[in-house]
Amino acid sequence: MQTITFCDAFTQKARRKIFPAADTLLFITDSLVLVTAVTSTCCVPHSFPVVIVGLLLLAGVAHLRSRYTDTAHIHSVLPGQRQHDCVSSWLTSFRALMMLTTCIVIFAVDLPIFPKESAKSIKYGFTLMDLGVGAMTYAAGFVTGLQHRSTNSSLFSSGILMLLLGLFRLILVKMADYHEQVIEYGVHWNFFFSLGAMFLLHSLFVIFDALDEVVWGAAVVVLGFANHFLFHTYDFAEFVFEAPRTNIFSQNREGFFGLIGFVILFQLAYRAGRTTLLCAEDAPRFFPRWCLAALVGFISVTQSGISSSRRLVNLPYIFMVTFLCSAVLHIQACISKIFQPYRPSPVLLLLNRYALEAFLIANVLTGIANQVIPLDKLNSLIASLLLGGYTLAILGVVKIMSHCDARLKRVLPSPTQLNSSSRGQKTVTSKGLSRRLVYSTPDQSPRRSNTTFPSIYSP
């Protein structure tokens, strides 16, 4: 992920010299490079050094080629990008690459080319797919720290949308008799239900945060102790792993018990986003603190012999996801600052803005492919071509949606409609973060970031 961001930032001017800013060829070229790099790394981990060398060589070729290209058509801002988005480009890159990797992996896991050690762990362990679930939760909580602020109506809107999507997925899966692993979330539960519950429960934590940071912190600590004692003192872990599924609760025990850990992870990400996005230009200063705190927490809980478990969403898992996501964001922020102003690739901008839509399209295509194609019997070449075509199809559909300005979130009232009076300046009511947020215009550039993080960061 960091190599892709580095090459994207390093070649941004060169690519804009080679291709007209509005040229579809730029989008196609970036899509092919991104899809090839991410699929190769996910499916053939040993190819990682080759991918790095290839990306660096392509970056060098782009720079050499740009020397002989006319620069009259270069635009200061790429299509679909607003000037003030450039400050938060590290977050754009992180969310887009995370979503691209997620879309690829959920399909690749059914193919013979995907390494089984990267699939979701059964009981304990930490794999690529385990990280993906946590990273999506972390990203959702991180951007909520600034986007929703203390507006319960917008949290309610997002939560209801996720619950509706979860219900829609459940109905489709049961109607199509689609085979799924019940040990992931349960018989009826799915990740959309977890996301919806996280948004709805977050409105309660917003009230705690408005009272005082200490109250918010105490609530998170209580949840942390509850998580720890349930699984490692009262042995509810064995209930989650081995109990028979006799009623609605036991059938969906992974979803119910995992929700406790996901809420904790969401809240930690919310606090990280709340402190970092208020000073986005100084982001590299904040992330090392979060990395250190998460690492200390991970070492503390694992010293007692507790292993990480995505199925339980226990404390070692929460701390590991927090550490890795904070470390990646720190590197992304440093790259963005070195190549300032860094404007991400149009493909990354599109994936960031249409992240939810891309994830839904990926789920639909994965379900259709599993129903009509014997994926486990494909040879490596056909599987690789199918995976590449599947990923390009997602990008193509999202590109069409962007051209038509179609957004799934318009099904429900937007936060702007629900809170039309919250324009201009808004004061954060938390005593520990009582700084004023100013909705910026492109010509404002103070040291403390006045960047607006608009709806493109909606999870």
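**Note on the predicted model: helices, salt bridges and a nonpolar patch**

1. Overall make-up. The chain's secondary structure amounts to 19 helices and two strands. Helices (H or I, at least four residues) and strands (E, at least two) are DSSP runs, numbered from the N terminus. This is a predicted model, in which local features need pLDDT of at least 70, side-chain atom pairs count only at pLDDT 80 or more, and totals for chains, interfaces and linings use all residues. Residues are numbered from 1 along each chain as its sequence is written, and side-chain values use heavy atoms, with hydrogens and water left out.

2. Burial and surface. The chain has 459 residues, and 53% of them count as buried. Buried means under 20% relative accessible area, exposed means over 50%, and partly exposed lies in between (1.4 Å probe, protein chains only). The accessible surface of the chain is about 20200 Å², with 67% of it belonging to carbon and sulfur atoms. Areas come from the Shrake-Rupley method with a 1.4 Å probe; for residues, only the protein chains shown count as cover.

3. Contacts along the chain. Among contacts with a separation of 6 or more, 81% are between residues 24 or more positions apart. A contact means heavy atoms within 4.5 Å. Take Thr 102 in helix α5. Thr 102 is buried, because its relative accessibility is 11%. Leaving aside residues up to four places away in sequence, Thr 102 touches Met 136 and Phe 359.

4. The α9/α10 packing. These two helices pack at an angle of about 135°, and their axes are 5 Å apart. Axes are lines fitted to C-alpha atoms, for helices over the stretch in contact, and angles run from 0 to 180 degrees between N-to-C directions. α9 and α10 are therefore oblique to each other. The scheme calls angles under 35 degrees roughly parallel, over 145 roughly antiparallel, 65 to 115 roughly perpendicular and the rest oblique. From α9, Phe 205, Phe 208, Asp 209 and Leu 211 take part. Their partners in α10 include Trp 216, Val 220 and Leu 223.

5. The whole structure holds eight salt bridges. Each is a side-chain nitrogen of Lys or Arg within 4 Å of a carboxyl oxygen of Asp or Glu. Arg 274 bridges to Asp 209, with the closest N and O atoms 2.9 Å apart. Arg 274 lies in helix α13 (residues 253-276) and Asp 209 in helix α9 (residues 191-211), so the pair ties together parts that are 65 residues apart in sequence. Both Arg 274 and Asp 209 are buried. A network of salt bridges links Asp 209, Glu 213, Arg 271 and Arg 274.

6. Two further salt bridges. Lys 120 pairs with Glu 184, the closest N and O atoms being 3.2 Å apart. This pair links distant parts of the chain, 64 residues apart: Lys 120 is in the loop between α5 (89-108) and α6 (128-147), Glu 184 in helix α8 (residues 182-185). Lys 120 counts as buried at 19% relative accessibility, Glu 184 as partly exposed at 25%. Glu 254 pairs with Arg 245, the closest N and O atoms being 2.7 Å apart. Glu 254 is buried, at 3%; Arg 245 is partly exposed, at 25%.

7. Nonpolar patch. Val 221, Phe 225, Phe 229, Tyr 234 and Phe 236 make a nonpolar surface patch of about 510 Å². Patches are made of residues with over 30% relative accessible area and no salt bridge; like charges are joined within 9 Å, nonpolar side chains (Val, Leu, Ile, Met, Phe, Trp, Tyr) within 5 Å. Helix α10 (residues 213-232) gives the largest share, three residues. Tyr 234 sits in the loop between α10 and α11 (236-242). Tyr 234 counts as exposed, because its relative accessibility is 58%.
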